[in-house]
There are 2 protein chains.
Amino acid sequence: MTEQLLYLSQKDVADTGLTMDRIIETVEKGFNEMGNGRVEMPPKPGVHPGEGDNFIHAMPAYIPAMNSAGVKWVSGYPGNPAKGIPYINGLLIYNDPATGLPLSVMDCSWITAMRTAAASAVSAKYLARPESSTIGILACGVQGHTNLEAMNVLFPLKKVFAFDTIAEQAEELAAYGRNTLGLDVEIVTDPRKAVTGCDIVVTSGPILKVPHATIKKDWVDEGAFVSCVDFDSFFSRNALAQADKWTTDNLDQYNHYKDHVGFFIDCPPVYAELGELVTGAKKGRENDTERTFAANLGLAMEDMAVAPLIFDLAKDKNLGTWLPL
Amino acid sequence: MTEQLLYLSQKDVADTGLTMDRIIETVEKGFNEMGNGRVEMPPKPGVHPGEGDNFIHAMPAYIPAMNSAGVKWVSGYPGNPAKGIPYINGLLIYNDPATGLPLSVMDCSWITAMRTAAASAVSAKYLARPESSTIGILACGVQGHTNLEAMNVLFPLKKVFAFDTIAEQAEELAAYGRNTLGLDVEIVTDPRKAVTGCDIVVTSGPILKVPHATIKKDWVDEGAFVSCVDFDSFFSRNALAQADKWTTDNLDQYNHYKDHVGFFIDCPPVYAELGELVTGAKKGRENDTERTFAANLGLAMEDMAVAPLIFDLAKDKNLGTWLPL
């Protein structure tokens, strides 16, 4: 067999230079396909080696309009960082839908970090006030960085309030926001200061089944949008009850997490899936006082929407390693 | 990150020289783990690009006793052979259960061909008469070859009856049986001659929802064992009704295929899972007149049992390509 596949390491993937604005655009297109029922995305099963919350999940998807099929096989090991290994690792296999042959195997860490933030931004496009200029980031790790980057693409951001229990993380995000994005970043040690007064709030800490519930009633301003990247971990029951529109990226998956895994116990009923907002089947923000929320779970569709862009850029730039099948 | 993974092409995997006897032994150990409830193997979801019966399935498994976790992402495209591309293609990702990091990406075609036959042989070990010396192979493609190889490891085979609707396929199997395995192979054009008079029968044609039902009542001898690699495709309802023990490799998956996909409609109730035969929880063959059947579906556990052997041999022999994560 003379067929080949292209292997792309984490560095190769990043070196493609794929920009956040293109990722947001592509992820939004993917949600439009989903909203129109044109994406095949079965449930994501996984295995759980070892003790605790370790997981490795298989995330398959097929998007006909993007000629993309494949799977992301992604692990999350909470104990890894203590060993000097990232929490999230994994590979994405991108297949030719016409033959089923693998076209590429690529690292999925960079893609996961970027597309998760892009989905936040797509939610914000429909749920945040367009003039939003003040953003609070609570927990300033990888998702804190990429969510700030993504929101900065779509909104005229000026001021950032950065909160983290680890001072170095907040410092890093502040340096990134100031030097790379040219924003005014203020590090705050009171989490309320990264919520109240903000047009957009991103919570991006560890995902917990029992929320630490740092954010209380009335902290979120009227008219604000919140992207709960870490599910409901940051929110008290009373704060959640103030949500006027509580949305998610995929209702089936949300209900699975709620009914079988034990997340989202205190959350309001889901108003809309993101695909419904993108297609216009349901309205996004309808006035300047609604408190709107997105609790996106991360979908295989997003990965498989981004994979062809990475593949094409890598070929153009002669990145990666060609391997025989 | 200085971590690396080892990529193994189809040729690299075959060049490891892993032998069928070791694969059978390993697959049996895997079924012992399964029978003792020590394997994590969620349902296998997939996508279905294009028209017809195309599929790409994700098959994850974790076997603690073998320190193996991973996923097989395998496609089956019925239209591929007409394009000069194999029906089955795909990759297996083998992970370190301790960190979740990928250790290896390897072609899965060879492994799939071998482990499927090995599972047939493990079923035969518990369900066929130990002195079985005459075997019928109906449909002489890849699985015809590997099933003959696997049965020849465990049984004192002498005579093979080879049936195929494509003469060249039967000729190829005959040449393999004679030249490589030293067996007496007779090509037959009447399918009954590859069933009646045989101690072991392997049906390994295309898998069909509506069985072609070539094999009729009384064709299968008393005391014979049948491995239905192609599910029940070869069997009429009346022939199936003569099964004294109808077994499968995994009841959950079997019931899913039966209740939701439409296979096995006319089949008898399942007597045992293969893991129950291996652990002794249920008895295999109990006398010389039972007609016993295995309809194994193919499990991710089998792939993940074999993967570490391939990985270790490949490292020993300096096969494959090391790649940065």
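Mentor: Quick note before we start: the domain bounds here come from an automatic or database domain assignment. Also, this is a predicted model.

Trainee: Okay! Which domains is chain A divided into?

Mentor: Domain 1 covers 4–111 + 301–324, and domain 2 covers 117–298. Their centres, taken over C-alpha atoms, are 24 Å apart.

Trainee: And how many residues of domain 1 of chain A are in contact with domain 2?

Mentor: On the domain 1 side there are 13, and they meet 16 residues of domain 2 of chain A. Helix H2 (residues 20–35) of chain A gives the largest share of that domain 1 side, 10 residues. By class, the domain 1 side has 7 nonpolar, 3 polar and 3 charged residues.

Trainee: Switching topic: how many residues does the contact take from chain B and from chain A?

Mentor: Chain B puts in 43 residues and chain A puts in 43 residues. Several elements of chain B give two or more residues to its side, among them helix H1 (10–15) and strand E15 (321–324). The largest share comes from E3(B), with 5 residues.

Trainee: What rotation superposes chain B on chain A?

Mentor: One of 180°, with 0.0 Å of shift along its axis, and the RMSD is 0.0 Å. That is the relation of a two-fold axis.

Trainee: Which C-alpha in chain B is nearest the axis?

Mentor: The one of Ala58(B), 3.3 Å from the axis.

Trainee: Why say the copies meet through the same surface?

Mentor: Because 100% of the interface residues of chain B are also interface residues in chain A.

Note on methods: Residues numbered from 1 in each chain as written. Chains lettered and ligands numbered in written order. Predicted model: local features only at pLDDT ≥ 70, side-chain atom pairs only at ≥ 80, totals over all residues. Contact = placed C-beta atoms within 7 Å. Helix = DSSP H or I, 4+ residues; strand = E, 2+ residues; numbered from the N terminus. Nonpolar A, V, L, I, M, F, W, Y, C, P; charged D, E, K, R; others polar. Least-squares fit on C-alpha atoms with pLDDT ≥ 70 in both.
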